[in-house]
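The structure is shown first, and the comments follow.

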Amino acid sequence: MRDMVRHVVRCAVGLIWGAAAAVVELLCTVLAGLLLLPVVAWPRGRRAVLRPVLAGARGLTELERARLRIWLRVHISPAYEDTQALGYLACRWALGVLGAVVMLSVAIGLGYGTSWMYLWLLVDDIRDTAAIVYTSLGGLFLLFLAVQGILGVAELEGKLARRLLGPRHPEALERRIAELSASRAAVVDAVNDERRRIERDLHDGVQQRLVALGMLLGRALRSEDPARADRLLRQAHEESRHALDDLREVAWRIYPTTLDEAGLRAALETVAERASVPVRVEYGLSGEPERAVGTVVYFVVCEAVTNAVKHAAPTRIVVEVGSREGALYVSVEDDGRGGANATGSGLFGLARRVAALDGHLEVRSPPGGPTLVTAELPCA
């Protein structure tokens with residue numbers, strides 16, 4: 001319910017912004033038509049006029065892309081032509097006007113629906129109670145219809161933008177092939193990076209401890225002093241325990257068995273328990289995600305928490321996992337010093353893991369904090 005209310009409010013703000021932009025877009029469309037009419041028969045003049053008109057149309061369309069992305073969660077690629085931008089603006093202003101009508105209906109419905117409250121507070125002697133009840137019920141019904149209108153206009157906004165600014169079918173296929181080729185290469189690179197990391201962890205950690213263990217056992221065997229041999233054996237036993245701990249750590253970072261045995265939630269809670277700072281896990285999934293998706297979510301959380309603890313010195317970390325609008329959403333926020341490098345090997349590797357499933361990873365880490373790592377995967 002809370003997510004639904006937030007979605008409606010976000011769409012309403014987007015429609016208000018779109019209604020204000022519709023005025024500028026209508027003026028731009030009318031101005032473009034007036035400028036082009038006198039020079040239709042003069043190709044050189046037409047090109048000279050089209051250049052600033054198309055530049056202005058692209059600028060307005062970029063603002064529209066930002067509005068759609070921020071408030072309506074509609075992602076439109078910037079790879080569109082200037083003529084497409086002008087055609088989009090010529091059609092989009094009508095939806096802006098429709099959005100303004102819907103938001104006006106919201107205001108009217110809200111006013112009439114709550115009229116009984118301020119009448120009860122301001123009027124001492126209310127004579128026609130039935131009329132007030134009917135008015136309030138009518139206002140609430142209008143508010144209900146207007147909320148449905150908000151969702152409907154938001155849906156139309158996305159469809160119009162995809163239809164007029166999206167790539168044509170052959171272009172879409174070519175772009176998809178390029179994306180798949182890039183994601184495949186990124187997966188290969190990520191696997192190679194993971195192998196190098198495992199080799200480095202084994203070489204610098206487990207191997208060094210095993211070498212020290214062998215040296216201690218050798219010295220104990222060569223020692224003729226029973227007390228010294230006993231002391232060396234105790235040190236070797238302690239070193240073997242450290243080697244086992246390091247080996248478990250490496251195995252856990254490769255793939256946690258808890259993910260298969262107990263599920264994603266238990267694996268994330270284990271990450272929280274192993275962290276040296278308080279980590280709160282807010283798990284909002286009703287079911288278990290697919291194994292590939294759950295694995296990526298786990299590594300996003302694990303890497304983000306590890307980076308925060310190691311570099312940001314936070315006092316708390318909040319992990320949120322849930323689903324919204326048909327996608328699985330995960331966020332990791334800490335109150336550390338910020339300044340995380342999104343192009344670093346760890347976060348860049350996470351971005352490639354997420355992109356391999358057609359997802360999107362975003363890192364916001366201004367200097368001074370806080371740091372927010374979010375990922376969206378298209379299957380929940």
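Does Glu 362 count as buried, partly exposed or exposed, and at what relative accessibility? At 29% relative accessibility, Glu 362 counts as partly exposed, where buried means under 20% relative accessible area, exposed over 50%, and partly exposed in between (1.4 Å probe, protein chains only).

1. Basis of the notes. This is a predicted model, in which local features need pLDDT of at least 70 and side-chain atom pairs count only at pLDDT 80 or more, while totals for chains, interfaces and linings use all residues. Residues are numbered from 1 along each chain as its sequence is written, and side-chain values use heavy atoms, with hydrogens and water left out.

2. Salt bridges. A search of the whole structure finds twelve salt bridges, a salt bridge being a side-chain nitrogen of Lys or Arg within 4 Å of a carboxyl oxygen of Asp or Glu. One of them joins Arg 364 to Glu 362, with the closest N and O atoms 2.9 Å apart, and Arg 364 is partly exposed, at a relative accessible area of 48%.

3. Arg 67 forms a salt bridge with Glu 64, their closest N and O atoms lying 2.6 Å apart; both residues belong to helix α2 and are three residues apart, about one turn of the helix. Helices here are DSSP runs of H or I with at least four residues, and strands are runs of E with at least two, numbered from the N terminus. Arg 67 is buried at 0% relative accessibility, and Glu 64 is buried at 2%. A network of salt bridges links Glu 25, Glu 64, Arg 67, Arg 92 and Glu 157.

4. A pair in α7. Arg 234 and Asp 230 form a salt bridge whose closest N and O atoms are 3.1 Å apart, and they are separated by about one helical turn because they are four residues apart in helix α7. Arg 234 counts as exposed at 59% relative accessibility, whereas Asp 230 is partly exposed at 37%.

5. Asp 334, in strand β3 (residues 327–334), is buried yet has no salt bridge, the nearest side chain of opposite charge being that of Arg 316 at 8.5 Å. The side chain of Asp 334 does reach the backbone nitrogen of Gly 336 at 2.8 Å, a polar contact being a pair of N or O atoms within 3.5 Å; within protein, one must be able to donate a hydrogen and the other to accept it, and residues adjacent in sequence count only if both atoms are side-chain atoms.

6. Ser 115, in helix α4 (residues 115–122), is buried at a relative accessible area of 5%, and its side chain reaches the backbone oxygen of Tyr 112 at 2.8 Å. Arg 73 lies in the loop between α2 (43–71) and α3, and a polar atom of the Arg 73 side chain lies 2.4 Å from the backbone oxygen of Ile 70. Arg 73 is partly exposed, with a relative accessible area of 28%.

7. Gln 207 is found in helix α6 and counts as partly exposed at 38% relative accessibility; Gln 207 and Leu 247 are 40 residues apart in sequence and 9.6 Å apart in space, C-alpha to C-alpha.

Terms used
Lys and Arg count as positive and Asp and Glu as negative; His and the chain ends are not counted.
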